[in-house]
Amino acid sequence: MGVEGGMKCVKFLLFFFNFIFWLCGLALVVVGVLIQMSLHNTLNIKDPSASGAPIVVIIVGVVIFFIAFFGCCGAWKESHCMVTTFAVLVSMIIIIEVAAAIAGYVYRNKLSVVVEDSLADMIHEYKNSTADFRKTVDKLQEDWKCCGSNSSTDWRGFGPDGISVPDSCCVKVAPNCGVGAMMEANKVHQTGCHDALVKLLQDNLLWVIVGALVIAALQILGIVFACCLMRGIRSGYEVM
């Protein structure tokens with residue numbers, strides 16, 4: 001015998017929340033992949049610890065995706081076993097999400113060092129790298145209107161004269177515009193890319209943390225609905 005009255009409403013609410021969780025899980029996978037690509041392609045970050053946050057996001061997203069599907073089936077079929085399993089698994093996911101949010105917040109303080117090391121590697125490898133790599137660095141400097149890591153002088157080893165920079169550092173990009181113009185503020189951006197990139201990554205990481213905590217709060221509500229439905233299903237069995 002199926003649940004009746006208010007429990008039927010709880011059943012559909014749980015089904016609806018699981019559908020939302022399913023979408024959230026899919027979104028987390030997409031966000032995790034995009035963050036991973038951004039860190040290791042656009043910024044060429046090599047620090048293995050930098051992969052931790054996006055990989056955790058991807059894993060949690062995949063797990064939420066399947067757990068939500070499991071919860072939808074349990075709610076629809078009014079299976080006490082499936083709904084109970086769903087509540088236990090979601091509780092575990094909440095603990096992981098909170099732990100990941102705390103770790104992400106702590107990692108924000110390490111971003112400055114990671115970005116500085118990565119930019120230093122990009123500058124060092126620029127001349128002897130592939131055309132695609134140089135385009136990535138050039139696009140970074142053009143888009144952010146910056147030059148080097150902390151200032152244009154980071155490119156002192158770029159040319160034999162010690163005062164040339166890549167053309168992407170120029171205020172108005174043109175062929176050979178950076179030759180001998182390192183210290184000319186009217187021709188070359190003097191501000192480095194480090195601070196802007198760190199701020200961008202910290203802001204994005206903060207939004208990811210907030211999103212994880214919001215999803216965790218919604219999942220707690222889902223657990224409450226699951227517990228109510230479990231009680232209703234058990235009561236139905238007792239009546240039978």
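Modeller: What follows is a reading of a predicted model, taken feature by feature.

Colleague: How many helices and strands does the secondary structure of the protein come to?

Modeller: There are six helices and zero strands. Along the sequence the pattern is therefore α-α-α-α-α-α, by DSSP runs.

Colleague: What share of the residues is buried?

Modeller: Buried residues account for 40% of the 240 residues. The accessible surface is about 12,900 Å², and carbon and sulfur atoms hold 69% of that area. As for contacts with a separation of 6 or more, 69% are between residues 24 or more positions apart.

Colleague: Now the cysteines. How should I read a disulfide, and how many does a search of the whole structure find?

Modeller: In general, a disulfide is a covalent bond between the sulfur atoms of two cysteines. Here the search finds three disulfides. With the bonded cysteines numbered in sequence order, they pair as 1-6, 2-3, 4-5.

Colleague: Which cysteine does C146 join?

Modeller: C146 is joined to C193, with an S to S distance of 1.9 Å. Both C146 and C193 sit in the loop between α5 (131-144) and α6 (194-239), so the bond ties together parts that are 47 residues apart in sequence. The link of C146 and C193 is right-handed, with 90° about the S-S bond. C146 and C193 are buried.

Colleague: And where does the pair of C147 and C169 lie?

Modeller: The S to S distance between C147 and C169 is 2.2 Å. C147 and C169 are in the loop between α5 and α6, 22 residues apart, and link distant parts of the chain. The torsion about their S-S bond is about 85°, so this disulfide is right-handed. Both cysteines, C147 and C169, are buried.

Colleague: What is the torsion about the S-S bond of C170 and C177?

Modeller: That torsion is about 110°, so the disulfide of C170 and C177 is right-handed. Their sulfurs are 2.1 Å apart, and both C170 and C177 are buried.

Colleague: Why is the sulfur of C227 too far for a bond with the closest cysteine sulfur, in C228?

Modeller: A disulfide here requires sulfur atoms within 2.5 Å. The sulfur of C227 is 7.0 Å from that of C228, so the two are too far for a bond.

Colleague: Are C227 and C228 buried or partly exposed?

Modeller: C227 counts as partly exposed because its relative accessibility is 40%. C228, at 31% relative accessibility, also counts as partly exposed.

Definitions and conventions
Residues are numbered from 1 along each chain as its sequence is written. This is a predicted model: local features need pLDDT of at least 70, side-chain atom pairs count only at pLDDT 80 or more; totals for chains, interfaces and linings use all residues. Side-chain values use heavy atoms; hydrogens and water are left out. Helices (H or I, at least four residues) and strands (E, at least two) are DSSP runs, numbered from the N terminus. Buried means under 20% relative accessible area, exposed over 50%, partly exposed in between (1.4 Å probe, protein chains only). Contact means heavy atoms within 4.5 Å. Accessible areas come from the Shrake-Rupley method with a 1.4 Å probe; for residues, only the protein chains shown count as cover.
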